[in-house]
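Me: I have a structure open here and would like to talk through some of its details with you. Could you take my questions one at a time?

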Amino acid sequence: MRILFIVFLLASGTVKAQLPIDSVATLIKNVYRQTYSEEKAYQWLTTLCKDIGHRLSGSPQAEQAVQWSKKTMDTFGLDRVYLQPVMVTHWLRGDKEQVTMKSKETGKIELKALALGNSIGTGPDGVSGEVIEVHSIDELKELPEDQIRNKIVFFNRAMDKGLTNTFAAYGGAADQRYWGPKEAAIKGAKAVVIRSLCSATDDHPHTGSCFYADTIRNIPAVALSTKDADVLTQAVRAGQTELFIRTTCQMLPDIQSYNVIGEIKGTEYPDQYILVGGHLDSWDVGDGAHDDGAGCVQSMETLYRLKKMGYQPKHTIRCVLFMNEENGLKGGKEYARVAQEKNEYHLAAIESDAGGGSAQSFGCSAGEGVVLDDRLKYLDTYINTLLSPYDLELKPGGGGADIGPLKPNVGLMIGLRPESARYFEYHHAETDVLENVHPRELASGSAALISLVMVLDQYRIGDE
Ligand SMILES: [Zn+2]
């Protein structure tokens, strides 16, 4: 009865000033109930994953995802839904990768591999070379050039299983993938293979971006499944080992695409924004379910649910589905460029791009000119009272790739941190499918985002 009463008041527009904290608590309770009961995010994720599929920037599926998410948000009754044009990276994987290992001890063995995103191809004839194994870019740099020239460099540093935080383990190994190909090219290598950034030992290779330098000749790069990386290291230790690699990837000119944006206008501070978002593009394997279909549907649900419950925000609430996070970040950069040009101040930007697991906390960094400690101290009362019943807290440190470029125009950059013990078994691999997302875990992320948006909406700039 009480819930209904408050919702009625909000819907009729009679509540304007800062809501009493127990009213917000009741609204949040309602959000959790509705979000868990309806499983709206999971329904949308099913369409995105199974009717559209994976969505690499520039692909027909990425375009379908843009049209579908706009059409879906059009049904919410928002104040505005629009497409923000952006030119994005257009990379094609080409034929199925072929990687064959040859050594005296083992003979010929096919290894499971995926080309790294943005990698050049070997061409139809492939490349062959002797393998030299290293475990870090520093180790590579210390080796004399004649030991690297014309060889295939194998970066084999595993994610550190001893770390409880899988994101920290990923961060500790990812430089091999980002910069390994460039550094090996500088030393005259023919190609690069890396051990997949995967927290398990299994058969699935994991792709992901690599970056080249403009000043040197680029070389092809692939990731091996962790099991096959173990096979390769055993062969290398036993004696001379050769690889044959064939990939036909291509980088085409940038292509037109869009960020998809939905908006509920603020009643008191319409020119101050609270953004919630994820990235609509994914890698071209699996469904892109955890990365980042989950973040997109949770962000869509934020606006859907606020509108449905008749919540009238004081600040303008925006859902932004960014394009091209995976292999260019062009959507995030363009959104920030336009925000700066229009002088749109964002009170907070919240990104969900850490998978669809159970929501655990939010990680938070300050934008330019904001003292994080002061703001967190101010928000502490709200957060403790309103979100701790759901075991959520706001911790220092974090944010997201897409909202990073917004730093000059944002107060707080916040990343949702879900439970992530298994996330790096799915991340950028064919295992990132809908079947590995649980509806209630996904719902917990939606509810957490919606609740945080309502909490932040109570905040006024300068109140601290
Ligand atoms: Zn992602």
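Predicted model: local features only at pLDDT ≥ 70, side-chain atom pairs only at ≥ 80, totals over all residues.

Me: Okay, aromatics then. How many aromatic pairs turn up in the whole structure?
Reply: A search of the whole structure gives 15 aromatic pairs. One of them is formed by Tyr170 and Phe424, which are stacked, with 4.7 Å from centre to centre and 20° between the planes. Tyr170 belongs to helix α7 (residues 166-171) and Phe424 to helix α13 (residues 423-426), so this pair ties together parts that lie 254 residues apart in sequence.

Me: Are those two buried or exposed?
Reply: Tyr170 and Phe424 are both buried. They also belong to a cluster in which ring pairs link Phe167, Tyr170, Tyr423 and Phe424.

Me: And what about Tyr378 and Tyr382, how are their rings arranged?
Reply: The ring centres of Tyr378 and Tyr382 are 5.9 Å apart and the planes meet at 65°, so this pair is edge-to-face. Both residues lie in helix α12 (residues 372-387), where they are four residues apart, about one turn of the helix. Tyr378 counts as buried at 19% relative accessibility, and Tyr382 counts as buried at 12%.

Me: Which ring does the charged end of Arg80 sit over?
Reply: The charged end of Arg80 sits over the ring of Tyr82, at 3.7 Å from its centre. Elsewhere, Arg177 lies over the face of Tyr178, 4.8 Å from the ring centre.

Me: Switching topic: where is Glu334, and what does it touch?
Reply: Glu334 is in helix α11 (residues 330-341), and with a relative accessible area of 18% it is buried. Its side chain makes a polar contact of 2.9 Å with the side chain of Arg337. Leaving aside residues up to four places away in sequence, Glu334 touches Gln84, Pro85 and Val86.

Me: How many of the residues of α14 are buried?
Reply: Of the 19 residues of α14, 17 are buried, so this helix is largely enclosed by the rest of the structure. Helix α14 (residues 439-457) reaches 27 Å from its first C-alpha to its last, close to the 27 Å expected at 1.5 Å a residue.

Me: And strand β11, in which sense does it pair with β12?
Reply: Strands β11 and β12 (residues 315-322) pair in the parallel sense, over eight bridges, and Gly277 stands opposite Val320 in β12. Eight of the eleven residues of β11 (residues 269-279) are buried, so the strand is largely enclosed by the rest of the structure.

Definitions and conventions
Residues numbered from 1 in each chain as written. Heavy atoms only, no water. Phe/Tyr/Trp six-rings, centres within 6.5 Å; stacked < 30°, edge-to-face > 60°. Helix = DSSP H or I, 4+ residues; strand = E, 2+ residues; numbered from the N terminus. Buried < 20%, exposed > 50% of the residue type's maximum accessible area, 1.4 Å probe, protein only. Lys NZ or Arg CZ within 6 Å of the ring centre and 35° of its normal. Polar contact = N/O pair within 3.5 Å; in protein donor to acceptor, adjacent residues only side chain to side chain. Contact = heavy atoms within 4.5 Å. Expected span 1.5 Å × (residues − 1). Pairing = 2+ DSSP bridges.
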